[in-house]
Amino acid sequence: MYLAPKIFCMETDVIRLGLIGDNIRQSKSPLLHRLSGQLTDLDVTYESLIPADQKQGFDDLFDWCASSGFRGINVTFPYKERVVSRLNIECPTILALGACNTVIFDEGRPKGYNTDYSGFCAAFRQAFPDTLPGHVAMAGAGGVGKAVAFGLADLGAQSIALFDPSVERAQALADALAAFAPQIEVRLASDIKSACAFAQGLVNSTPLGMDGYPGSAFPPHLLAGKQWVFDAVYTPVETRFLKEAREAGVAILSGYELFFHQGIDAFRLFTGREVDQSALRSQLRTLANSPEQMDWLSQP
């Protein structure tokens with residue numbers, strides 16, 4: 001499994017970080033990284049950067065970050081695959097999956113990592129310590145879907161059935177998985193119902209359920225008899241998919257856990273520091289729905 005390497009930050013008064021994405025106004029990444037900075041005695045700023053609001057395209061905004069003193073950025077929907085061409089990626093697994101969510105600006109070409117991948121593996125092992133993924137149905141083959149699929153391969157999945165409205169995108173992920181983990185049976189499904197046939201676990205890696213993207217990728221009747229589900233969406237934490245899965249008696253792994261673990265890995269990359277996970281989780285829980293959070297999120 002890929003483990004994010006430590007990169008020790010330079011001596012500096014402020015470590016400037018940010019997030020580029022299209023639908024990030026409710027993101028808790030600024031809160032996580034600023035709290036992590038406090039817990040490790042670092043002065044961390046973290047900016048939310050929406051290309052449309054900045055009146056810049058993604059590439060121009062990326063270049064601005066690279067030249068404006070940012071130590072690094074996170075990249076989210078829909079830019080995780082697009083950013084790859086701008087990066088030096090040393091890990092063969094990340095090259096194979098073809099998506100990055102964490103960028104370090106250093107001397108030379110920016111470096112790319114995928115903490116969705118490492119974070120999902122950590123979250124799954126923590127939530128289901130005695131469970132193998134088994135046979136899995138996945139909705140969505142985009143950036144986060146790639147990271148989760150490669151994580152499932154590392155976790156010992158027996159098979160993965162992929163459904164994505166873009167057959168080309170699903171086929172590209174299937175081909176990448178076949179080359180990376182030939183021991184896993186990977187098939188393309190023509191619809192979500194056929195993807196779920198024989199599945200023990202269900203994964204939503206589409207935007208459905210996210211604020212601004214209502215609904216669920218999995219109709220409730222497909223939850224019957226399943227063992228576990230994972231939803232990559234974490235804003236809101238309680239998505240329709242997870243609510244219906246809980247009501248059906250299925251074990252759930254929320255997107256918040258992916259968010260939490262990928263954030264810890266990204267912070268390590270940005271700063272070289274290990275944050276106290278228990279303390280961070282406690283403070284996030286306290287501040288997540290408080291007026292103080294809005295004050296934090298309104299600052300750069």
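Q: Contact means heavy atoms within 4.5 Å of each other. Which residues does Ala170 touch, not counting residues up to four places away in sequence?
A: First, a heads-up: this is a predicted model, where local features need pLDDT of at least 70, side-chain atom pairs count only at pLDDT 80 or more, and totals for chains, interfaces and linings use all residues. Residues are numbered from 1 along each chain as its sequence is written, and side-chain values use heavy atoms, with hydrogens and water left out. Find Ala170 in helix α7, residues 167–180. With residues up to four places away set aside, Ala170 touches Ala141, Leu162, Asp164 and Leu188.

Q: Is Ala170 buried or exposed?
A: Buried is under 20% relative accessible area, exposed is over 50%, and partly exposed is in between (1.4 Å probe, protein chains only). Ala170 has a relative accessibility of 4%, so it counts as buried.

Q: How many helices and strands does the protein have?
A: Both are DSSP runs numbered from the N terminus: helices are H or I with at least four residues, and strands are E with at least two. Counted like that, the protein has 12 helices and 11 strands.

Q: Why is the protein as compact as a globular protein of that length?
A: The radius of gyration is taken over C-alpha atoms, and the globule rule is 2.2 Å times the number of residues to the power 0.38. For 300 residues that rule gives 19 Å. The protein is as compact as a globular protein of that length because its own radius of gyration is close to that value, at 19 Å.

Q: What share of the residues of the protein count as buried?
A: The C-alpha trace spans about 55 × 40 × 40 Å along its principal axes. Of the 300 residues, the share that counts as buried is 55%.

Q: Which residues is Gly18 in contact with, leaving aside its neighbours within four places in sequence?
A: Gly18 belongs to strand β1, residues 15–20. Its relative accessible area is 0%, so it is buried. Beyond the neighbours within four places, its contacts are Tyr46, Glu47, Phe70, Gly72, Ile73 and Asn74.

Q: Which side chain makes a polar contact with the side chain of Asn204?
A: A polar contact is a pair of N or O atoms within 3.5 Å; within protein, one must be able to donate a hydrogen and the other to accept it, and residues adjacent in sequence count only if both atoms are side-chain atoms. Asn204 lies in strand β9, residues 201–204, and its 1% relative accessibility makes it buried. A polar atom of its side chain lies 3.2 Å from the backbone oxygen of Leu208. The side-chain partner, at 2.7 Å, is Thr206.

Q: What is the length of the polar contact that joins the side chains of Gln262 and Thr115?
A: Gln262 is in helix α10, residues 255–271, and counts as buried at 8% relative accessibility. Leaving aside neighbours within four places, its contacts include Ser29, Asn101 and Thr115. The polar contact between the Gln262 and Thr115 side chains is 3.1 Å.

Q: What is the omega of the cis peptide bond that joins Phe77 and Pro78?
A: Most residues other than glycine have a negative phi, and most peptide bonds are trans. Pro78 is in the loop between β3 (72–75) and α4 (92–97). The bond joining Phe77 and Pro78 is cis, and its omega is about 5 degrees.

Q: To which residue does the cis peptide bond from Thr235 lead?
A: Look in the loop between β10 (228–231) and α9 (240–247). There, a peptide bond with omega near 10 degrees runs from Thr235 to Pro236.

Q: What is the phi of Asp41, which is not a glycine?
A: Asp41 lies in the loop between α1 (29–39) and β2 (44–49). At 72% relative accessibility, Asp41 is exposed. Its phi is positive, at about 60 degrees.

Q: Where is Lys55?
A: Lys55 is a residue other than glycine with a positive phi, near 60 degrees. A relative accessible area of 73% makes Lys55 exposed. Its place is the loop between α2 (51–54) and α3 (58–67).
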